Structures are given as structure tokens and as C-alpha cells.
Amino acid sequence: MDAHFFRALTGELEENLKGRRVEKIFAPAEGVWTFALQSKGGKEYLLFRPAKSVGLLFLSRVKPVNPPSPPSQVMWLRKRLAGRRLFEAHHDWINLRIAFTLSPWKQRDKYRYLLLDMKKGVSLIHDLPEGFPAPVTWPSYEEARSDDEVWRNFPQISPPLRKTLSGLPEEKGRNLLNRLEDGITDHFYISEKKGELTAPRVWSNPKGEEQAYDSAIEASSIYGEKILFPVMERMENAEQRSTLKSGKKKFKKIFKRIEQEEERLRSMQARKIEAEALQAEMYRLKDLRELDRVTVNHPEHGEMEVELDPLLTPAENMEKIFRFAAKAQRGFKHMERRKQEVEAEHELFLKANLMPSTDKGRKKKNIEIPKKYKSIAASLFISSDGFLMIRGKNSKANHEILSKVSSVFDYWFHVQGGPGSHVILKRDHPGQEVPEQTLREAAILAALKSYRTNDSKADVMCALVKDVRKVKGWAHGQVAVDSVLQNLHVDIDQSLEEKLAKK
């Protein structure tokens with residue numbers, strides 16, 4: 001997530017969430033957190049997926065489907081966070097971190113802050129970390145515009161931002177940089193390129209197709225729902241979950257080894273001071289032999305004790321330490337290059353597993369069907385516009401497609417006035433629009449497997465799955481519908497099943 005967007009978003013979230021109670025915590029998928037929040041207009045959910053480049057933080061009215069058994073970490077967090085209120089926030093936007101002050105717990109000095117860290121995840125902490133928030137320094141306009149490596153010392157000048165600055169006239173570029181430094185953001189932009197959405201930014205990209213929003217919360221919600229819900233649907237596949245989990249472990253081990261090697265090189269390089277101290281006092285040490293340690297004075301760092309190899313003379317020890325320090329210096333360059341390579345591989349891995357497919361064209365017949373559908377007695381269809389539709393073959397299947405394969409934002413169809421099969425029209429995310437032709441095809445499929453199958457026309461209800469309830473004590477397949485989106489009057493086409501059937 002872009003640091004400037006994170007800065008604006010967390011500023012808005014602080015005002016929006018202040019005083020609200022956290023009612024429950026969930027983990028709907030690997031690496032995803034859901035916080036159910038008290039809200040006047042019905043429950044609202046804060047969804048958080050930590051990941052530096054593809055991280056998400058947004059509010060939604062839609063509750064993701066959760067696993068039947070919550071992980072132990074979720075249970076631990078529930079006991080210490082549920083029922084507590086969020087108050088003022090502490091912002092460390094340059095490092096993509098925000099800490100919310102919490103209302104007191106039963107042990108008043110414990111778990112006083114909820115920390116959301118885009119790089120490390122969720123934690124409850126007693127006190128803010130040292131150096132929180134980190135000081136923010138800024139480069140000159142010329143440096144931000146021309147230095148390819150400026151982001152190393154100034155992480156808020158990301159490569160996309162530097163590219164934008166390079167493409168703007170000087171006056172506009174300076175103005176943009178000044179506004180970002182002052183934290184002034186009026187609009188938020190989401191662009192699309194080759195079917196792939198870019199994460200929200202606070203600057204416009206006039207060369208691409210983009211949508212502007214007045215609120216960072218709105219922009220993050222629209223982007224977050226479009227990105228996260230399709231991925232969570234895909235992550236219900238056990239193989240996909242295993243791939244993500246094992247991949248994360250692999251990269252964690254690699255980064256740990258890099259850290260250990262860097263620490264070893266730092267300790268080697270630090271001994272250069274010892275060699276300098278030996279050099280400064282070599283006049284009195286050169287004739288000594290078989291020393292395992294010696295006390296010397298460094299011109300700047302004062303008195304210190306230096307361990308020596310007794311098989312070498314003091315001069316040979318000095319040369320050896322200098323040689324190792326130089327080797328460490330060269331090693332740092334290699335480790336920096338290696339770290340960049342691993343970080344690039346890590347980014348590609350996360351994008352492949354935490355981002356939806358970038359297919360722009362929806363009209364396709366080769367939709368991959370999740371394994372969970374195979375255990376249900378249901379017929380599968382692909383609409384003319386490429387949407388997956390599921391129709392139950394019996395009352396048990398009608399019950400199962402609602403409880404096992406449907407998301408709350410999917411569409412449900414059923415003929416009016418009598419018995420018939422349920423049809424579920426799958427959507428990728430809550431805001432996805434469905435063409436009229438696909439809606440009518442789903443309605444016809446519902447009518448074809450109902451008491452109206454031999455009629456020329458039928459009336460079919462369409463509702464959101466979240467508004468269709470299974471009622472305790474009722475037979476399988478019987479439901480209560482709290483709200484109907486629309487009623488469709490359709491001509492029944494007997495050949496449609498064969499045309500749309502998933503082969």
C-alpha cells in the first residue's frame with residue numbers, strides 16, 4: 001500500500017472508528033483479519049490483510065465467510081480485545097503502521113494498544129514501540145525526480161510516485177511534492193491497466209483509465225472488496241492455502257538467513273575499530289609475541305580490549321582484522337543485491353497468490369470449478385457473460401448450495417408461487433455488476449427446474465444470498481426471503497440448459 005494513501009486512510013479511519021466497540025474478531029482466510037465493529041446502521045467490518053505491496057485495510061458491510069473453527073491466535077485475541085473501544089490513533093505512516101488506543105482491560109496496564117502493521121500483522125501491545133512514530137525526512141524535488149534509488153532513504157518516494165514526478169512539468173511536480181509533505185490530499189485514484197487494478201493513490205495518472213473518489217475510506221473499500229473477496233473464494237481450495245502457507249514459510253526462512261548473515265558481517269566490520277586501535281599502538285606492540293588479548297587505546301573510541309590469535313604477531317593480527325573488515329564491506333554489497341532479488345521474488349509470489357486473476361475478458365467457458373462443488377448434487381452453468389451459476393438437483397442440494405458454496409453477496413433465484421430449484425449466481429465481489437442477460441439466464445434456469453417448466457413464461461425472484469435465510473425446523477430447501485432485489489418476468493427457453501451447461 002502506498003504510504004501517502006495509508007496516511008490519508010488512517011487519518012479518516014481514526015475519526016470514523018473513534019469510540020466504536022470491537023465486538024468480535026475473525027480470520028476468514030490465511031493472513032486476513034476481520035474486526036466486527038459496533039455500528040448504528042448494522043454491523044460493519046474492518047478487514048485487514050498485512051502485506052507491504054498488496055496489503056489491504058478497508059471497511060465493509062459484508063462479512064466474509066469464516067472457517068468453522070477459528071485459529072488459536074484468533075481466540076487469544078478475542079479474549080483480550082472483544083468488547084473494548086477504539087480511541088485516538090498513533091500514526092507511523094512512513095512504516096505503514098497505526099496503533100489505536102484501547103479502552104481499559106481487566107488488567108489496566110496491559111494490552112493498551114491495537115497495532116496494525118502492514119509488514120508484520122496484528123498485535124496487542126502494552127506500550128508503543130521505541131521510535132514510534134518514526135521521524136519523516138524529505139528529499140529535494142530534484143533528488144526525488146531524478147534518483148532511481150531515492151526510495152531507499154526516503155521510502156515515501158515510491159517508484160510510481162517518482163515516475164509521476166518525472167512526467168509532470170516542474171511547477172506541477174513541485175506542487176505535488178509540497179502537498180504530499182504537508183499531508184494535503186483531496187482526491188484518491190484507482191486506475192485499471194490490462195484488467196489489473198492499481199492500489200489507491202493520492203495522485204492522478206492522466207495517461208490511464210482511472211476513477212476518482214473524495215474519500216480514502218470509500219476508495220479503499222471499493223478496491224479492497226474487488227481484490228480480497230475473489231482471492232478468499234480461491235483460497236477455500238486446500239491446495240491454494242497450502243501453497244500460500246508453505247511459500248510464506250519459505251520466504252520467512254530466507255529473510256531470516258539474510259538477517260543472520262548481515263549480523264555476522266556487521267560484527268566482522270565492527271572489528272575494524274580494533275584494528276585501528278592496534279595500528280595506533282603498534283609502536284609498543286610490534287615486538288610482543290603469543291598474546292591472546294591486549295588492551296589498547298583508540299584515538300576516538302578510547303580504551304578497549306582486543307582478542308588476538310596467539311599464533312600471529314600483533315601486526316599480523318591487525319592485518320587479518322583489516323582484511324576481514326574489508327571482506328565484510330564487500331559482503332554487504334552482495335547481501336544487498338541478494339536481498340533485492342529475494343524481495344522481488346517475494347513480491348511476485350504475493351501478487352500471484354494474494355491478487356485475483358487479471359483476465360479482463362469475462363466471457364469464457366474454462367472457469368475452474370472448486371472441488372467443494374463436486375460433493376453437491378448440483379448442475380453447473382456458465383452464462384453468456386462468463387458468470388458461474390449453480391442449480392440444486394434436489395432439496396438437500398438446494399440447502400447445500402446456500403450453506404456451502406455461496407457468498408453473502410451472490411445472487412439467489414427462485415420461481416415465484418410454487419416449488420422449484422434454487423439457483424445461485426456467483427459474483428467475484430460485492431460491487432460487481434451483472435449484465436441483464438446473465439440475470440435473465442439465471443432466472444430461466446430456475447424456472448426450467450420448477451413447477452413452471454412447461455409454461456412459456458414465468459416470474460422469478462432475485463435476492464442477495466444474505467437476505468435468504470434457512471429457518472430452523474423447516475425442511476431442506478425451504479427458506480425465508482427478507483428482501484427481494486427484483487422480480488424477473490422471463491420467456492422460458494427449453495434449449496438454454498444445453499447451451500450453458502458446464503462441460
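Reply: D385 sits in the loop between strand 14 (378-382) and strand 15 (388-392). Helices (H or I, at least four residues) and strands (E, at least two) are DSSP runs, numbered from the N terminus. This is a predicted model, in which local features need pLDDT of at least 70, side-chain atom pairs need 80 or more, and totals for chains, interfaces and linings use all residues. Residues are numbered from 1 along each chain as its sequence is written, and side-chain values use heavy atoms, without hydrogens or water.

D385 counts as buried because its relative accessibility is 11%. The classes are buried under 20% relative accessible area, exposed over 50%, and partly exposed in between (1.4 Å probe, protein chains only). The side chain of D385 makes a polar contact of 2.6 Å with that of T438. Such a contact is a pair of N or O atoms within 3.5 Å; within protein, one must be able to donate a hydrogen and the other to accept it, and residues adjacent in sequence count only if both atoms are side-chain atoms.

Another loop residue is Q156, between helix 4 (150-153) and helix 5. Q156 has 1% relative accessibility, so it counts as buried. A polar atom of its side chain lies 2.7 Å from the backbone oxygen of T137. Beyond four places in sequence, Q156 is in contact (heavy atoms within 4.5 Å) with H4, W93, I94, V136, T137, W138, P139 and L161.

L161 leads on to helix 5, where it takes part in the contact with helix 6. The axes of helix 5 (residues 159-167) and helix 6 (residues 170-182) come within 8 Å and cross at roughly 145°. Axes are lines fitted to C-alpha atoms, for helices over the stretch in contact; angles run from 0 to 180 degrees between N-to-C directions. Helix 5 contributes L161, T164 and L165; helix 6 contributes G173, L176, L177 and L180. Five of these residues are nonpolar, two are polar and none is charged.

Now helix 2 (residues 72-81). Its buried residues are V74, L77, R78, R80 and L81. They pack against strands 1 (22-29), 2 (32-37), 6 (97-102), 7 (113-117) and 8 (121-125). G83 follows helix 2, with a positive phi near 90°.

Strand 1 has six of its eight residues buried. Five bridges join strand 1 to strand 2, and the two run antiparallel. Pairing requires at least two DSSP bridges. I25 stands opposite F35 in strand 2. Two residues separate the strands of this hairpin, where G31 takes a positive phi near 80°.

Technical notes. Ala, Val, Leu, Ile, Met, Phe, Trp, Tyr, Cys and Pro count as nonpolar, Asp, Glu, Lys and Arg as charged, and the others, Gly among them, as polar.
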